[in-house]
Amino acid sequence: MFHGLSAFPLTPLREGTFDEHSFINLLRPVVDAGVDSLGILGSTGSYAYLTVEERGRIARCAVAHADDIPVIVSIGALRLDDIRSLADDAQSAGVSGVLLAPVSYQRLTEDEVFNLYETVTRQLSVPLCIYDNPATTGFSFSDELLFAAAALPNIGSIKLGRVPEDLSQVRARLPDTVTLGIAGDWRAASALQAGFDVWYSVVGGLFPQTALAIARSKESAQSERLEPLWALFRHYGSLRVVAAAAEMLGKVETPALPFPLQAIHGEPREALAAIIADLALA
């Protein structure tokens, strides 16, 4: 499950509530393309803006329409009780794995983060992917913390937004059962070439064939042709960009993001439209 291409689709909203019809329509081409897993309610899925009840419904919907493709669902939340409820809901829905970033209003210490993962993994019957996402959480995992957390039971993968300088050393200290995944789509080809196991992909949730071509070939040239898109991702955030693309293509209602988030508009949106046409992404 924690190998290959894991596609992370949007969670589209209509008038502030979950748009199930559009969500299923987003899933269908991703499932038909044959991605290796679905990443539901990640950062691209706006999980932090949704209630526990909404997230349970979305998890059940994803599993129901995933065919035989494994579903990984984020259980990140501020409160431990909510994380436990989300984990229970996800497992009851039949997910194959869960994803957890150390979300907190107050910046956490390393001891606090380790205790979080130690506590959560005790109740799991499915593997968990550790998500190191300092741009969102404000917390950066040290290598030592990653090694310690990876040794906990039920850890299946680590999602990183960086490529370690000495990947072989990192590999040597991780359990054989824990895979390495890359986030940040512009890093994917180089990370896969270096030996990463899985690409947790934003673009794969909307343009799965494009992402699969990069994941299967691991060729830098395939990724470099998308540099104009990656530049927008880096500047505005991939969520705002991919939401604009989905809106422009009529895949979701406008606005699709939870208030006050906004898809890119104005000149950046016009540039995105040109990129989609020039690269024949649609």
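**A pocket, a helix and a loop**

In this predicted model, the lining of the largest pocket receives at least two residues from each of α5 (134–137), β10 (198–201), α11 (227–236) and α12 (238–248). The largest share, 4 residues, is supplied by α5. The volume of this pocket is about 900 Å³. Its lining is made up of 36 residues, and those closest to the centre are Ser43, Tyr131, Asn133, Ala135 and Thr136. As a general principle, rolling a probe the size of a water molecule over the atoms shows where empty space is left.

The next element to consider is helix α1, which covers residues 20–33. At 1.5 Å a residue, its 14 residues should span 20 Å, and this agrees with the end C-alpha atoms, which are 20 Å apart. The buried residues of α1 are Ser22, Phe23, Ile24, Leu26, Leu27, Val30, Val31 and Ala33. These buried residues pack against the strands β1 (4–7), β2 (13–14), β3 (17–18) and β4 (37–40), and also against the helices α2 and α9 (208–217). After α1 comes glycine 34, which has a positive phi, near 85°.

Finally, attention turns to aspartate 67, which is found in the loop between α2 (52–64) and β5 (71–74). Is aspartate 67 buried or exposed? Aspartate 67 counts as exposed because its relative accessibility is 59%, and the term exposed applies to values over 50%. Between the C-alpha atoms of aspartate 67 and glycine 39 there is a separation of 14 Å, and the two residues are 28 residues apart along the chain.

Technical notes
Residues numbered from 1 in each chain as written. Predicted model: local features only at pLDDT ≥ 70, side-chain atom pairs only at ≥ 80, totals over all residues. Heavy atoms only, no water. 1 Å grid on protein atoms, 1.4 Å probe; cavity = no way out; pocket = protein on both sides within 12 Å on 5 of 7 lines; lining within 4 Å. Points joined across faces, edges and corners; volume = space filled by probe spheres on them. Buried < 20%, exposed > 50% of the residue type's maximum accessible area, 1.4 Å probe, protein only. Expected span 1.5 Å × (residues − 1). Contact = heavy atoms within 4.5 Å.
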